[in-house]
Amino acid sequence: MTKDIFAKCDLEEVRQVQAGGIYPFFRPIESTIGSSVVSRGKKCVMIGSNNYLGLTHHPRVMEAAKAAIDHFGTGCTGSRFLNGNLSIHEELEVELAKFLGKESALVFATGFFANQGSISTLVGRNDVIYSDRENHASIVEGTRLALGDTLKFRHNDMVDLERVLKMTREKYQGAIIIADGVFSMSGDILNLPRTAELAKEYNCRLYVDDAHALGVLGPMGQGTEAHFGMSNSVDLVMGTFSKSFASIGGVIAGPHDVVDYIKHKARAFMFSAAMPPAGVATVLECLKVIREEPQHLSNLWKNARFMQKELNAMGWNTLNSQTPIIPLLIGDEMVALAFAQKLYEAGVFATPVARPAVPEGCALIRTSYMASHTQQELQYALDVLEKLGKEFGILGNSSRQDELAVIARHHFGVKSSAPELESAFAL
């Protein structure tokens, strides 16, 4: 029986949420003022941005972007493979390779393309990918396009990774372990020391997505390797520019021959228009600012540690986040949507995260903090989060806290403060 291909396009669940007045996505931002935004005419403290170093309004960065437009125009009008390869693309690749401590780097139009293109190009029919279950969607899309198999291991669980390696590694020719350096939803950091050990023991290459680690981890924000003091432990590092580097685009960095292979084989690179001049110049200037103005990184961590301490003291389950990404575990998806709406109405801009980004029943409010946040802004956000947390029965409710602790343990690998309750949680 034939069927209209558009029949699936009735988003009934979305319509119900919209009708209930708690739809939290695609909110228009009319302007940005420091670490606040104006949305629908209302000023809100932004605690949902990935602008970790607060460089999107840095005078030097903005001036560099404007100068690039004056010199190169607004766009490249083609792929780098053909007519869109600018001298500043190559300059940026040289600077990124130095910053990341790698032989070579390749700049993609987006971070999504960097993952999708690199992974799908490297993994052949007789190869295998070992992928963390909480890896970003762009990694997932890369694994779907790859000809080889993808085997998943429990999130940041090195015992489970070793179990899967022991059972399967001999079945394949090439192998690569892929994981985020900083996981974008839970905010935890990859156990790189043990992952690198296992990669070496089982003859695997190691690929780390440092989208949320660049500009954040390490003495100068060089990422996960620098955070652990493990230079050259990762074969390929991927990064994005849409977070700490205040722009858009992505990079893959590693051995020259491997990067050159991706450059000549990855369709997501070869057949996509080049990163625009203003974006390239923005990243170049951000790299200079990061080197010359270390106060941005120190301010970021000062703010992140303050919020982590205060939110934990209130009783929020933050999944033991170790980074400026601090999730607030809610559990029920509709409650998370309603909570996000109340935050917005109170002048705090944050977004809920629900399935498929997290498992069903594990919805959370993803908050993230910037170097540019003022103490006044952070305190205002804390006051609102405490007030709403009590109103929604999340804070000051010991039974609810125990339930969330069990969810955190079983779905995010967070040690529970109430282990006796874990047997009651059905996986």
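So, to start: is F339 buried or exposed? F339 is buried, with a relative accessible area of 0%. By buried I mean under 20% relative accessible area, while exposed is over 50% and partly exposed is in between, using a 1.4 Å probe and protein chains only.

Before we go on, a word on what we're looking at. This is a predicted model, where local features need pLDDT of at least 70 and side-chain atom pairs count only at pLDDT 80 or more, while totals for chains, interfaces and linings use all residues. Residues are numbered from 1 along each chain as its sequence is written, and side-chain values use heavy atoms, with hydrogens and water left out. When I say helix or strand, I mean DSSP runs numbered from the N terminus: H or I with at least four residues for helices, E with at least two for strands.

Okay, back to F339 and its ring partner. W316 and F339 make an aromatic pair, edge-to-face, at 5.6 Å centre to centre with 80 degrees between the planes. The rule here is that rings of Phe, Tyr and Trp (its six-membered ring) pair if their centres lie within 6.5 Å; planes under 30 degrees apart are stacked, over 60 edge-to-face, and the rest tilted. This pair ties together distant parts of the chain: W316 is in the loop between helix 12 (295-314) and strand 11 (325-331), F339 is in helix 13, and they are 23 residues apart. W316 counts as buried too, because its relative accessibility is 4%.

Let's stay with helix 13. Its 13 residues, 333-345, should span 18 Å at 1.5 Å a residue, and the end C-alpha atoms are 19 Å apart, which agrees. That expected span is 1.5 Å times one less than the number of residues. Its buried residues are A336, L337, F339, A340, Q341, L343 and Y344. After the helix comes G347, with a positive phi near 90 degrees.

Four strands form an open sheet in the order 1-2-3-12, with mixed pairing. Strands pair if DSSP finds at least two bridges between them. Strand 1 (31-33) and strand 12 (348-349) are at the edges with a single partner strand each, so one side of each has no neighbour in the sheet. Further in, strand 2 (residues 36-39) and strand 3 run antiparallel over four bridges, and V38 has K43 in strand 3 as its bridge partner. Those two strands make a hairpin with two residues between them, and R40 in the turn has a positive phi of about 55 degrees. Strand 3 (residues 42-46) also pairs with strand 12, in the parallel sense, over two bridges. There, V45 stands opposite V348.

Now, how many residues of strand 14 are buried? Six of the six in strand 14 (residues 363-368). Both faces are covered, with A363, I365 and T367 on one side and L364, R366 and S368 on the other. Strand 14 pairs antiparallel with strand 11 over six bridges, where L329 is the bridge partner of L364. Strand 13 (residues 351-353) is antiparallel to strand 14 as well, joined by three bridges, and T351 stands opposite R366.

Back to aromatics for a moment: the count comes to seven aromatic pairs. One of them is F99 with F245, edge-to-face, 6.3 Å centre to centre and 70 degrees between the planes. F99 is in helix 3 (residues 87-100) and F245 is in the loop between strand 9 (236-240) and strand 10 (250-254), 146 residues apart. Both of those are buried, and together with F241 they form one aromatic cluster.

Last stop, helix 4 (residues 111-122), which is where Q116 is found. Q116 counts as buried because its relative accessibility is 16%. Leaving out residues up to four places away in sequence, Q116 touches S138, E141, G142, L145 and A268, where contact means heavy atoms within 4.5 Å.
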